[in-house]
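Subject: Structure handover

Hello,

Please find the structure below. My notes on it follow.

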Amino acid sequence: MARRIGIMGGTFDPVHHGHLVAASEVQARFDLDEVIFVPTGVPWQKGDREVSAAEDRYLMTVVATASNPRFSVSRVDIDRKGVTYTVDTLRDLRATYPDDELFFITGADALEQILSWHRVDELFTLAHFVGVTRPGYHLKDAHLPSGSVSLIEVPAMAISSTDCRKRVAAGDPVWYLVPDGVVQYISKRGLYAPEQ
Ligand code: ATP
Ligand code: MG
């Protein structure tokens, strides 16, 4: 029988409770068998700043999702050479799961950028898109092909990785914004500390 698989792409630098709540909510609402978190390779939208090593972002995502039997993490993007395009993520996962239903989960801010993505028409043939609310961003479906995107409200988590990085750099706590194991991983690896 076809399985229903969610795909949660992101830089996850670091992964935080906003990502986890969004994935959990979509898993329940869409009755997904599994949600696969996919940390990006070199993210093309983030050329303005240094992104943490893929292996660190991957491991933090593994730590954060380990306790949920429906969550898993894929290396497809970090193992592919070069910049990550969502279309490549979806093509690769489509090839791995040819008979399953794919749901690509994206926050309101990322959804707004869908129209600027490369080969947007192909994206909608590869997966159903689920746009979730995110504090500070307006979720709108204007100009999106009808039927290809579902917009849903998820519990508001005003958390961003950018803010978590700034907090660590300033010596402020990130406890309860990110899972405990991620707090410990950040500290162990000295991530986001200010330049010496
Ligand atoms: P950064 O500040 O570095 O951009 P981020 O917090 O936006 O980090 P990303 O890794 O860029 O996290 O986001 C991955 C996906 O998760 C995107 O689709 C984004 O819209 C979504 N997302 C991130 N934070 C939230 C949140 N608090 N609520 C809902 N969706 C979120
Ligand atoms: Mg972001």
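The buried residues of helix 1 are Gly18, His19, Leu20, Ala22, Ala23, Val26 and Gln27. Buried means under 20% relative accessible area, exposed over 50% and partly exposed in between, with a 1.4 Å probe and protein chains only. Helices (H or I, at least four residues) and strands (E, at least two) are DSSP runs, numbered from the N terminus.

This is a predicted model, in which local features need pLDDT of at least 70 and side-chain atom pairs count only at pLDDT 80 or more, while totals for chains, interfaces and linings use all residues. Residues are numbered from 1 along each chain as its sequence is written, chains are lettered from A and ligands numbered from 1 in the order in which they are written, and side-chain values use heavy atoms, leaving out hydrogens and water.

Helix 1 has 13 residues and spans 18 Å from its first C-alpha to its last, close to the expected 18 Å; the expected span is 1.5 Å times one less than the number of residues. After helix 1 comes Asp31, with a positive phi near 50°.

Strand 2 (residues 34-39) is largely enclosed by the rest of the structure, because six of its six residues are buried. Glu34, Ile36 and Val38 are on one side, and Val35, Phe37 and Pro39 on the other.

Two strands pair if DSSP finds at least two bridges between them. Strand 1 (residues 4-10) pairs with strand 2 in the parallel sense over six bridges, and Gly6 stands opposite Val35. Strand 2 is also joined to strand 4 (residues 71-73) by three bridges, running parallel, with Ile36 opposite Ser72.

Regards
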